[in-house]
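I opened this entry to keep a record of what I looked up, and in what order.

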Amino acid sequence: MKQSVLITGASGGIGQAIATSLSNAGTHLFLHYFKGKERAEKLKQICEASGSEVTLIQGDLTSSSSTSAFINELEVPIDAFIHASGHDLYGLYTDYTDEERDALMHHHVYSAMAIAKRVLPTMIQKKSGRIILISSIWGEVGASMEVLYSTAKGAQLAFVKALAKEVAISGITVNAVSPGVVETNMMASFSADDKEELTSRIPAGMFGTPEQIASACSYLLTEEAAYVNGHVFSINGGFNG
């Protein structure tokens with residue numbers, strides 16, 4: 001029987017890398033996207049070529065109503081849920097609108113919680129399951145000019161640690177992967193000088209790659225990682241903000 005894996009934000013850089021790393025004849029991938037339809041369709045072809053069965057699901061995860069509509073499309077049981085969907089906001093905290101705040105918090109936190117609530121009952125019945133949230137170093141240490149994003153990522157980490165304790169008895173693990181600076185589309189707004197300055201602050205002297213984040217997720221889905229629970233897997237090249 002194929003392992004069913006739901007990946008939200010699969011059309012993004014990290015989501016694509018995760019999906020590709022998990023694509024094989026033993027998986028049925030449920031790949032979520034919102035606006036990146038062309039990227040999602042291309043990813044579907046790549047994963048199918050590696051042997052996976054692939055189902056694309058379009059959905060907006062920035063509001064309660066649209067998240068509910070997405071959840072209603074989900075097929076269960078889901079064996080593993082990886083939340084890689086999200087967006088950033090850069091600017092002074094006092095300049096954010098309430099609408100921007102609500103959309104970002106829902107995207108990163110409330111939608112992840114709602115989807116987890118949807119997939120958990122069958123995981124509990126089967127006494128097995130994996131939940132992984134892609135967080136951020138800013139959720140660990142906070143970032144000026146990214147206060148809302150840092151807050152949302154910090155909330156993800158608290159959710160992971162608490163839920164892991166609640167469902168561990170049912171054979172379910174809940175973990176977070178917390179990347180440092182990774183070369184994705186979120187870096188597109190950074191100038192060459194900004195990137196150079198940021199690189200100089202990273203002990204490893206380089207940005208991470210989506211594939212390195214995907215490798216951590218692949219490990220957390222293995223039987224060897226069955227005792228890893230409530231853990232924040234920091235991948236940051238020694239960078240501490």
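Predicted model: local features only at pLDDT ≥ 70, side-chain atom pairs only at ≥ 80, totals over all residues.

The notes below go from the sheet to the helices, then to the salt bridges and a single loop residue.

I looked up the strand order and found an open sheet of seven strands, arranged 3-2-1-4-5-6-7 with parallel pairing. I then asked which strands stand at the edges. They are strand 3 (53–58) and strand 7 (232–235), and each has a single partner strand, so one side of each is left without a neighbour in the sheet. For the twist I noted an average of 15° from one strand to the next.

**Strand 1 and its partners**

I turned next to strand 1, which covers residues 3–8 and runs parallel to strand 4 (residues 80–83), the two being joined by four bridges. Within this pairing I noted that Thr-8 has His-83 as its bridge partner in strand 4. With strand 2, strand 1 also pairs in the parallel sense, here over five bridges, and Ser-4 finds its bridge partner in His-28 of strand 2.

I wanted to know whether strand 1 is enclosed or open, and how many of its residues are buried. Five of its six residues are buried, so strand 1 is largely enclosed by the rest of the structure. I set beside this the general point that side chains in a regular strand alternate between the two faces of the sheet.

**Helices across the sheet**

I looked up which strands helix 3 (residues 64–73) lies across, and found strand 1, strand 2 (27–33) and strand 3, with the helix running at about 155° to strand 3. Helix 4 (residues 98–126) lies across strand 1, strand 4, strand 5 (129–134) and strand 6 (172–179), and runs at about 175° to strand 4.

I then checked how these two helices meet each other. The axes of helix 3 and helix 4 come within 10 Å and cross at roughly 35°, and helix 3 passes helix 4 in a right-handed crossing. On the helix 3 side of this meeting I listed Ser-64, Thr-67, Phe-70 and Ile-71, and on the helix 4 side His-106, Ser-111, Ala-114, Ile-115 and Arg-118.

**Helix 1 and helix 2**

For helix 1 (residues 13–22) and helix 2 (residues 37–49), I found axes that come within 9 Å and cross at roughly 15°. That angle makes helix 1 roughly parallel to helix 2. I recorded the crossing of helix 1 past helix 2 as right-handed. The residues that meet here are Gln-16, Ala-19 and Thr-20 from helix 1, and Arg-39, Leu-43 and Cys-47 from helix 2.

**Salt bridges**

I searched the whole structure and counted seven salt bridges. One of them is between Glu-53 and Lys-2, with the closest N and O atoms 3.9 Å apart. What does this pair tie together? Glu-53 belongs to strand 3 and Lys-2 to the segment before strand 1, so the pair links parts that are 51 residues apart in sequence. I noted Glu-53 as partly exposed, at 38% relative accessible area, and Lys-2 as partly exposed too, at 35%.

I went on to the salt bridge in which the side chains of Glu-183 and Lys-195 meet, at 3.4 Å from N to O. Glu-183 is in the loop between strand 6 and helix 7 (192–200) and Lys-195 is in helix 7, so the pair ties together parts twelve residues apart in sequence. Glu-183 counts as partly exposed at 38% relative accessibility, and Lys-195 counts as partly exposed at 24%.

Arg-201 forms a salt bridge with Glu-197, where I read 3.6 Å between the closest N and O atoms. Arg-201 is partly exposed, with a relative accessible area of 37%, and Glu-197 is partly exposed at 41%. I also noted a network of salt bridges that links Asp-98, Arg-101 and Asp-102.

**Asp-60**

Last, I asked where Asp-60 is found. Asp-60 sits in the loop between strand 3 and helix 3, and is partly exposed, with a relative accessible area of 22%. Leaving aside neighbours within four places in sequence, I listed Phe-34, Ser-66 and Thr-67 as the residues in contact with Asp-60. I also looked up its separation from Leu-163, which is 103 residues in sequence and 24 Å in space, C-alpha to C-alpha.

How values were computed
Residues numbered from 1 in each chain as written. Heavy atoms only, no water. Pairing = 2+ DSSP bridges. Axes fitted to C-alpha atoms, helices over the stretch in contact; angles between N-to-C directions. Contact = heavy atoms within 4.5 Å. Salt bridge = Lys/Arg side-chain N within 4 Å of Asp/Glu carboxyl O. Buried < 20%, exposed > 50% of the residue type's maximum accessible area, 1.4 Å probe, protein only. Parallel < 35°, antiparallel > 145°, perpendicular 65-115°, else oblique. Left-handed = near helix turned anticlockwise from the far one by under 90°.
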